[in-house]
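Here is a short briefing to read with the model open beside you.

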Amino acid sequence: MSGSNGSKENSHNKARTSPYPGSKVERSQVPNEKVGWLVEWQDYNPVEYTAVSVLAGPRWADPQISESNFSPKFNEKDGHVERKSKNGLYEIENGRPRNPAGRTGLVGRGLLGRWGPNHAADPIITRWKRDSSGNRIMHPVSGKHILQFVAIKRKDCGEWAIPGGMVDPGEKISATLKREFGEEALNSLQKTSAEKREIEEKLHKL
């Protein structure tokens with residue numbers, strides 16, 4: 001990732017795709033050499049977009065930055081909401097946090113609920129592929145053991161992904177990992193109370 005150094009070699013590509021996921025909103029085009037914030041670009045004119053579902057004010061979303069009773073504390077713990085970034089300090093521009101990875105062609109929150117970092121937890125669950133006797137199976141070409149992992153097919157875009165989701169305010173990451181894996185990989189939200197308890201007990205042992 002180029003971060004703010006303006007390198008042409010960067011992996012900040014998915015954050016620049018158009019249209020924005022779940023919408024028809026087209027981003028302003030950002031060439032690789034203009035991603036980094038240290039590269040001067042006076043004509044940069046990003047598109048403003050926050051999804052209607054976020055603007056509706058669900059419990060997991062911040063108010064609009066312009067609301068008088070909303071004064072978020074960026075780059076620090078803000079009540080139960082963690083606004084520190086794992087990428088280090090981020091700049092605040094016109095009262096809004098700036099993406100530390102660089103320009104994306106869009107301002108606003110899109111589908112994200114928080115201003116600043118939106119922390120997520122994605123559990124990676126693996127196992128060795130084994131035969132009916134419990135012996136690890138070797139790949140016929142490479143001769144190496146086969147490592148399997150859990151993936152889900154997303155309903156919104158049809159892509160395969162690691163199960164996971166956003167960390168709730170005040171929630172431990174370990175709790176998020178178990179909750180999201182249960183919801184997305186084990187379909188716990190559709191289970192009976194007894195089935196949910198059984199799933200929770202099994203996840204607790206992991």
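How many aromatic pairs does the count come to? The count comes to four aromatic pairs in this predicted model. Two of these pairs are described below, followed by the other topics.

**Aromatic pairs**

- Trp37 and Tyr44 make an edge-to-face aromatic pair, with 6.3 Å centre to centre and 75° between the planes.
- Trp37 and Tyr44 are both buried.
- Phe74 and Tyr90 also pair edge-to-face, at 6.2 Å centre to centre and with 70° between the planes.
- The Phe74–Tyr90 pair links distant parts of the chain, 16 residues apart. Phe74 is in the loop between helix H1 (52-55) and strand S2 (77-78), while Tyr90 is in the loop between strand S3 (81-82) and strand S4 (92-93).
- Phe74 has a relative accessible area of 15%, so this residue counts as buried, the cut-off being under 20%.
- Tyr90 is buried too, because its relative accessible area is 6%.
- One aromatic cluster is formed by Trp37, Trp41 and Tyr44.

**Charges over rings**

- Over the face of Trp128 lies Arg136, at 5.0 Å from the ring centre.

- Look for Thr104 in the loop between strand S5 (96-97) and strand S6 (106-110).
- Is Thr104 buried or exposed? Thr104 counts as buried because its relative accessibility is 9%, which is under the 20% cut-off.
- The Thr104 side chain reaches the backbone oxygen of Leu106 at 3.1 Å.
- Leaving aside residues up to four places away in sequence, Thr104 touches His12, Ala15, Arg16, Arg27, Ser28, Val30, Tyr44 and Asn99. One of these, Tyr44, is also the ring partner of Trp37.

**The second largest pocket**

- The second largest pocket holds about 260 Å³ of space.
- Which helices each supply at least two residues of its lining? Helix H2 (173-184) and helix H3 (193-204) do.
- H3 gives the most to this lining, with five residues.

Definitions and conventions:
Residues are numbered from 1 along each chain as its sequence is written. This is a predicted model: local features need pLDDT of at least 70, side-chain atom pairs count only at pLDDT 80 or more; totals for chains, interfaces and linings use all residues. Side-chain values use heavy atoms; hydrogens and water are left out. Rings of Phe, Tyr and Trp (its six-membered ring) pair if their centres lie within 6.5 Å; planes under 30 degrees apart count as stacked, over 60 as edge-to-face and the rest as tilted. Buried means under 20% relative accessible area, exposed over 50%, partly exposed in between (1.4 Å probe, protein chains only). Helices (H or I, at least four residues) and strands (E, at least two) are DSSP runs, numbered from the N terminus. A charge sits over a ring if NZ of Lys or CZ of Arg is within 6 Å of the ring centre and within 35 degrees of the ring normal. A polar contact is a pair of N or O atoms within 3.5 Å; within protein, one must be able to donate a hydrogen and the other to accept it, and residues adjacent in sequence count only if both atoms are side-chain atoms. Contact means heavy atoms within 4.5 Å. On a 1 Å grid over the protein atoms alone, a cavity is a set of points where a 1.4 Å probe fits but cannot get out, and a pocket is an open set with protein on both sides within 12 Å along at least five of seven lines; lining residues have an atom within 4 Å of a point. Grid points are joined across faces, edges and corners, and a volume is the space filled by probe spheres set on the points.
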